[in-house]
Amino acid sequence: MGLLTTLLKNLPEPAQLVKMGYLGADQVNNPTQIKRAMTAYTKAISNSPAAQRKAAAYGDSEVVTTLGPKSLMTPEEIVKNEYVLVPTGGDGSATATTVKKLAGLPLEQPVNVWGGGRFGERFPNLAYASMSGRAQDKQKQFTEASKATGGRTPLGVHILMGEDSYNFMTPTTELMVGGAKAAGVPKKVWKKIDEEIAAIKGKNGPAFPHFVGFSSNMEDAMSQLLGINGFSKEQSGPLRKAFLPIAKKAANRDEGFPNLKDIIDVVAEPELRNAPVGTSGFSIFEGVPNANIVPHDVNLSYDSGILGTNKGGIDTQGVNVPSTEMFIDPYTEISRRKTKTNEPFTDQQRRDTLWMDPKLYQVADQRWLDHVQGYIEKQKRLAALGLIGATGAAGAEESQPDMADPEASLFQENQGSNVSPSDFLRGSMDAGAALLRGATGAAMSAPNALVSLGGGLYGLANEQGGLLERFGKGAERAQSAVKDVPVLGQTEEDFLGLLPRLTSISGKSKGDMEKMQRFGSYFSPF
């Protein structure tokens, strides 16, 4: 029996189609989407011997990690040591990890991961790596933060970058190419990729006019992507960032290229694998004011290192603390900034500014401690009530710090509640908008939305002019979308009671404080 015949007789289950990149995780109960995914899969293995080999081998990866548990420092210890916190953006990769087999495919050469938040545990006296320009800016930030705070010791705090950061890492490219080679992707497919890279435009013509091409010389192409063997390190990063989006396309997946999700799964820190962008405190290190950056060539992604002493990570008691809560003062300042066209910064612009502006820092004082500890405790209570996941992902990156809110103080004093009116209103609006779009995932993760929703709002009496009346089919679709979300209620009555209240309350503000207080009993669990 031939390989193709065997594969066609043993078609994958929906869960396997999700892992292989043919089906979305939210589509496993959708017969139409499953049928489409199965059609795409069978077409791929029927047309590509490399896809057949990849499918036949598909299974577990073989990964070796040498680092054990990391030490933790409590927020109280950070305040006691009088640190000044410096935001330090980083990817989520797992330092000192070696990948020998990718999703069942044995690699010709093992791939090592040397970057990530725990980089400083592997290299004594070296705490952070980047390209020289960025490293110099970050070192300046450590120096200036210490100087501005009377000589406090700067503490670099890891902030998780988005998934695109994996495109820059050399291990991602090594695994993408290594997996494709193991599957036996033919030269004609590599040639098409060469052509796509050659077609990318720069400011003054082709962006990568000197790329040697995989189909011409695979070894030199890889050296060029890694910036080794005489090829420019400065040019290798942009080339990797151009290659990965092309390589991960469905058309190349169907030709035998690895699924990018499989690659990220093997190179990512388990603790950060599903953490929201902006999660902070996974790792920390003491910086050295006035130090020079040093050359570094072990982590192929970069060429320079920053001196410092690894201090483990911040003990957040299992809660994902977003950078907006860890860096409350700089984030408040950034949130007031405008673009050159006088538009408010986008979420991405705020994140980028936080970890790239060399003037930003956060003093770790009692006020900071009260805020961070308060956030952690609130997330733990919500998790205990089953309203969010155990890692406290709600309110991840888009939430706004509201440390000095006189309305919140009055409301909490009168209600015995940790939910401020601004939290409530913002959560209601975010969640209500998400529900109208039928986006239950967004509703579940909207900042403070579950505090608002979980307080018993859906138990309130129905009102005339509710969302179902006003929006007809759109609200009916939202109703269908949330019917299986326990916190929103399992019945039509629950839903009909919830949405009118969202409509009524989400448009209110300061003037309706007394009205909101009359509903205080619904917030008593918090």
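Visitor: What makes β10 and strand β12 (residues 304-310) count as paired strands?

Guide: β10 and β12 are joined by 3 bridges in the antiparallel sense. Two strands pair if DSSP finds at least two bridges between them, so β10 and β12 qualify. In β12, Asn-310 is the bridge partner of Phe-285. This is a predicted model, in which local features need pLDDT of at least 70 and side-chain atom pairs count only at pLDDT 80 or more, while totals for chains, interfaces and linings use all residues. Residues are numbered from 1 along each chain as its sequence is written, and side-chain values use heavy atoms, with hydrogens and water left out.

Visitor: Which sense do the bridges between β10 and strand β14 (residues 321-322) have, and how many are there?

Guide: There are 2 bridges, and the strands run antiparallel. The cut-off is at least two bridges, so β10 and β14 also count as paired. Thr-279 stands opposite Pro-322 in β14.

Visitor: How many bridges join strand β7 (residues 153-160) to β10?

Guide: β7 and β10 pair over 4 bridges, again antiparallel. Leu-155 stands opposite Glu-286 in β10.

Visitor: What makes β10 a strand, and why is it called mostly covered?

Guide: Strands are DSSP runs of E with at least two residues, and helices are runs of H or I with at least four, both numbered from the N terminus.

Visitor: Why is Ala-96 called buried?

Guide: Its relative accessible area is 6% and the cut-off is under 20%, so Ala-96 is buried. Ala-96 lies in the loop between β3 (83-90) and β4 (97-102). Its phi is positive, about 60°, although Ala-96 is not a glycine.

Visitor: Is Ala-103 buried or exposed, and how do you know that?

Guide: Ala-103 has 8% relative accessibility, so it counts as buried by the limit already given. The residue sits in the loop between β4 and β5 (105-113). Phi of Ala-103 is near 50°, a positive value in a residue other than glycine.

Visitor: What share of contacts in the protein chain joins residues at least 24 apart?

Guide: A contact means heavy atoms within 4.5 Å. Among contacts between residues at least 6 apart in sequence, 74% join residues at least 24 apart. The chain has 26 helices and 15 strands, and 49% of its 526 residues are buried.

Terms used
Buried means under 20% relative accessible area, exposed over 50%, partly exposed in between (1.4 Å probe, protein chains only).
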